[in-house]
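Subject: Structure handover

Hello,

Here is the structure I promised to pass on. Please have a look at it first; my notes follow below.

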Amino acid sequence: MLTTTLIAGLVLGGTYALVAMGLTIQYGIARTMNLAYGETIIAAAFAAYLVHNSLGISPILGLVLIAPAGFAFGWLVYRLLLRPLVRRSKGGAALEIDSILATFGLLFVIQGVMQVGFGGNYISYSYMNFGVDVLGASVAANRLLALVLALAIGGGLYLLLTHTRWGTALRAVAVAPASAPLVGIDADRAARFGFALGGALAACGGVVISMYQTFTASSGVIFTMKALIVVIMGGVGNLAGALSAGLILGLVETFVATYVSPGLTLAAVYLIFLAILLWRPSGLFGKARR
Amino acid sequence: MGLSAMRAEERADREDFSMTTVTRRRALRYFGMSVALGAVIAALPSAAQDRTSVKIGYAISKTGPNSGGAGITTLPNYVLWAKEVNDAGGLEMPDGKKLPIEVVEYDDRSSAEEVVRAIERLATQDKVDFILPPWGTGFNLAVAPLFDRFGYPQLAVSAVTDKAPEFVKRWKKSYWLLGGGHDYTSALAGLLTKAAGEGTINKKIAMISVADGFGIDLVTAARPSFKDAGFEVVYDVTYPAGTTDFTPMINEAAGSGADTFVAFSYPPETFAITQQAQVAKFNPKILYLGVGTGFPVYGEKNGANAEGIMSLGGIDPKNEANAAYRKRHQEVTGQAPDLWGSVITYNSLQMLQEAIKRRGLDRDAVADELSNGTFQTVLGEVKLEDNQLRKLWFGGQWQSGQFVAVAPVDREGAAPAILPKPAWK
C-alpha cells in the first residue's frame with residue numbers, strides 16, 4: 001500500500017513539475033511573471049488534440065512540431081510585447097508589474113482565440129492510457145511519461161545551465177541583468193531566449209497533459225496557479241527547485257488523499273506551501289541560486 | 001493581425017511619440033467607437049410601431065468555466081430552436097399570424113453577477129418578450145427572483161434541485177424540468193435493490209463526490225436513499241473540484257469490498273475516473289459516474305469501454321421523435337446533443353412555442369398555459385405537475401454505443417440494465 005501511494009504521488013508530482021518548469025525559467029531568466037503561461041499550455045494541448053484527431057499522428061511525434069512552435073511563440077511574445085516594457089523600465093519592480101499586466105491581457109487574447117476556434121466545450125482524447133507495472137503499482141503510461149519527461153528536461157537543462165558557457169551566460173542575466181552586458185553578454189538576447197525556452201517547455205507540458213486530462217479553452221488559469229505555487233515553493237528560476245517542489249506537492253496530495261481524506265488535499269497543499277515559505281522565504285532552493 | 005497591431009504600437013513607441021501619429025490614431029479610434037455606438041442605438045427597440053417580430057432574450061455562459069456545460073446542453077438548443085422556428089416563418093400567434101424570432105444574446109462569462117445584470121437588462125432595456133433561462137442550478141436560482149419580479153416565466157431545465165416544490169410556491173412562474181437529487185438517487189437505489197435481489201451484487205457501496213454544488217446535493221440525497229434501501233456505504237469521501245488524480249480513491253474503493261462504485265463528479269473528473277479505473281484494473285460490478293457520462297463525446301472516446309457504465313439521465317432509443325431531434329441537432333449545430341438535459345431543454349422550448357400559439361404574447365397567459373396545458377413535444381405528451389416535469393429518466397447506461405434509459409426500473413420503456421458491468425477491453 002505504501003509503495004503504491006508513493007509511486008502514485010511521484011507520478012502526480014511529475015505532472016506538476018513538468019508544468020512548472022517553463023514558468024520558473026521565464027520568471028528566473030526573463031524576469032517576466034507570465035500570467036498567460038497556462039494558456040500556452042492549453043494552446044499546445046489543443047494542438048496535440050488536432051494532431052492526434054485530425055492527422056492521426058501520435059502526440060509524441062507531434063512534440064517535434066509543437067515544442068518548436070511554443071519556442072517561436074515565446075520568442076515572438078517577448079520580442080513584440082515584452083521588450084518595449086523591459087526597455088522603458090528603470091528597475092526590477094516596475095518591469096514585474098508591467099509584465100504582469102501585459103501578460104494578463106495576453107491571457108485573454110489567447111483564451112479568446114481558442115474560444116473562437118474550438119468553442120467552450122470539453123476536449124479530451126486518450127493516448128497511452130494503459131497500465132504499466134512499477135514495483136507492483138499499476139501506473140498510467142501517459143502519466144509516467146510526464147514524470148520521465150519532467151526528470152529528463154529538468155535534469156538536462158540543469159546540467160546545461162550549470163556546465164556550459166551558454167548556461168552560465170543565462171544565469172548571469174538571471175542574477176544581474178544590469179551587470180551582465182559589462183562582461184559582453186547580450187542581456188536582451190538571453191532574456192528572449194529564456195522566455196522562448198519557457199514557451200517550448202509549456203508546449204511540452206501541454207502536449208503530455210492533453211493525453212490524460214480533460215481541458216476547455218478556459219482551463220489555463222488552473223495550470224498557471226499550480227505552476228505558480230510550485231515555482232515559488234521551489235525557488236524562482238531554479239529547475240531543481242521546481243522539480244522537487246512538484247514532486248513534494250504530488251506526494252503530499254496523494255498521501256493525504258489516501259491516509260487522511262481526499263477532501264483535505266487542497267488544504268494540505270497550502271499548508272505545506274506556507275510551512276516551506278516560513279522556513280525558507282525564498283523557496284526551497286532560493287538561496288542556492290547563483 | 002493582432003501581432004501586426006502590436007508591432008505598429010511598438011514602432012510608434014520607438015518613434016519618440018510623434019504627436020501626429022498618436023493623435024491621428026486616437027481620432028480614428030474614437031471615430032470607430034462612435035460608429036459602433038451609433039449602430040447600437042439604432043438597434044434599440046422601436047416600440048410604438050406595429051409588431052414585426054418576437055424578441056427572445058437569454059444570457060448564457062459562452063466563456064468561463066461554465067461554458068463547457070452550457071455549450072452542450074443549453075445553447076445549441078436555443079440556436080436550433082430559433083433557426084427552426086424562423087425557417088418555418090416564425091412563431092405562430094393565436095390569430096394564425098407568424099412573427100419571426102429576434103434573438104438578444106448575452107454572454108454571462110460564467111459570473112453570477114453578470115447573469116443577474118444581463119437578465120435585468122433584457123427585461124428593462126431590451127424589453128424582450130420572453131427570456132430563456134441560463135445554464136446551471138446556481139445561476140437559475142440566482143435569476144429566479146428577477147424573472148419573478150419582471151413577470152417572465154422561467155423554464156429552468158439545467159437545474160437539479162429537491163427544493164422545486166418550495167420554489168414553485170415562492171416564484172409562481174418558475175418551472176423545474178430536470179427533477180431533484182433525491183429523484184436520481186432513489187431511482188439508483190431502486191436499480192441496486194433489484195440487482196441485489198437477483199444476487200448480482202452485494203449490499204456495499206463505495207461513493208465519492210465533488211465538494212461543490214452538484215456533488216453535495218446528490219450525495220446528501222444519496223445517503224438516505226441507500227440507507228432506506230438497506231445498503232451500506234463503506235467508503236464515502238468528498239474531493240475538491242478540479243482534482244485530477246483519483247488513484248488514491250480508486251485504490252481505497254477497490255479495497256473496500258463494495259460491488260458498486262458511485263461518483264457524483266463533474267465532467268473533467270468523470271473522464272479522469274474512467275481512464276484511471278482502467279489503468280488500475282478496477283472493474284466494479286456497477287460503475288455509476290456523474291455529469292459528463294451522458295455527453296456523446298464520452299461514448300465516442302471510450303468506445304467499447306463505455307459499455308455498462310451508468311449515470312444520470314438516459315434516453316429511450318425507441319422514441320422516434322427523439323431520434324429525429326437528435327439528427328436535426330447534429331445537422332444544424334454540428335454537434336450531437338447530450339443524453340440527459342438536451343432533449344428536455346428542446347422540449348421546454350417547444351412547450352413555450354405551443355403556449356404562445358395558444359395564448360399569444362401575454363406572459364401571464366402563457367405562464368398559466370405552461371402550468372396547466374398538455375403539450376405534444378419531442379418527449380411525447382407532456383403535462384407539468386405543480387410546475388415540475390416528473391416523468392423523467394433518472395438513470396441511464398451505455399449499451400452498445402447508446403446511453404439507454406434503465407431507471408426508474410418500473411417506468412414503462414426502461415431497458416433492463418446489463419449487470420454486472422463487462423470487463424474493460
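Gly181(B), Asp183(B), Tyr184(B), Thr185(B), Ala187(B), Leu188(B), Ala189(B), Leu191(B), Leu192(B), Ala195(B) and Ala196(B) are buried in H8(B). Buried means under 20% relative accessible area, exposed means over 50%, and partly exposed is in between, with a 1.4 Å probe and protein chains only. Helices are DSSP runs of H or I with at least four residues, strands are runs of E with at least two, and both are numbered from the N terminus.

Before going on, a word on the source. This is a predicted model, where local features need pLDDT of at least 70 and side-chain atom pairs count only at pLDDT 80 or more, while totals for chains, interfaces and linings use all residues. Residues are numbered from 1 along each chain as its sequence is written, chains are lettered from A and ligands numbered from 1 in the order in which they are written, and side-chain values use heavy atoms, with hydrogens and water left out.

Back to H8(B). The helix covers residues 181-197, which is 17 residues. From first C-alpha to last it reaches 24 Å, close to the 24 Å expected at 1.5 Å a residue. The expected span is 1.5 Å times one less than the number of residues. What covers its buried residues? The cover includes helix H9 (213-228) and strands S8 (204-210), S10 (260-264), S11 (286-288), S12 (310-311) and S16 (402-407) of chain B. Just after the helix, Gly199(B) has a positive phi of about 80°.

Chain B, other spots

Two residues have a positive phi without being glycine. Lys281(B) is one, at about 55°. Its place is the loop between helix H11 (267-279) and S11. Lys281(B) is exposed, because its relative accessibility is 65%. Asp386(B) is also not a glycine, and its positive phi is about 50°. Asp386(B) lies in the loop between strand S14 (380-383) and strand S15 (395-399).

Next, the cis peptide bonds. One runs from Ala407(B) to Pro408(B), with omega near 0°. Another joins Leu419(B) and Pro420(B), with omega about -10°. Pro408(B) is in the segment after S16.

Is Ala306(B) buried or exposed? Ala306(B) counts as buried, because its relative accessibility is 1%. This residue is in the loop between helix H12 (296-302) and S12. Leaving aside neighbours within four places in sequence, Ala306(B) is in contact with Tyr298(B) and Trp398(B). Contact means heavy atoms within 4.5 Å. Ser400(B) is 94 residues away along the chain, yet its C-alpha is 8.6 Å from that of Ala306(B).

As a whole, chain B has 15 helices and 16 strands. Of its 425 residues, 53% are buried. Among contacts with a separation of 6 or more, 66% are between residues 24 or more positions apart. Its accessible surface is about 18,200 Å², and 54% of that belongs to carbon and sulfur atoms. These areas come from the Shrake-Rupley method with a 1.4 Å probe; for residues, only the protein chains shown count as cover.

Chain A

Chain A has ten helices and two strands. Their order from the N terminus is α-α-α-α-β-β-α-α-α-α-α-α. Of its 290 residues, 56% count as buried. The C-alpha atoms fill a box of roughly 55 × 45 × 35 Å along the principal axes. The accessible surface is about 11,800 Å², with 72% from carbon and sulfur atoms. Residues 24 or more positions apart make up 76% of the contacts with a separation of 6 or more.

Helix H5(A) spans residues 141-163, which is 23 residues. It reaches 32 Å between its first and last C-alpha, close to the expected 33 Å. Its buried residues include Ala146(A), Leu149(A), Ala150(A), Ile153(A), Leu157(A) and Leu161(A). An α-helix has 3.6 residues a turn, so residues three or four places apart point the same way.

Finally, Leu107(A) sits in helix H4 (residues 92-118). Leu107(A) is buried, with 7% relative accessible area. Beyond four places in sequence, Leu107(A) contacts Leu35(A), Ala36(A) and Glu39(A). Glu39(A) is 68 residues from Leu107(A) in sequence, and their C-alpha atoms are 6.3 Å apart.

Best wishes
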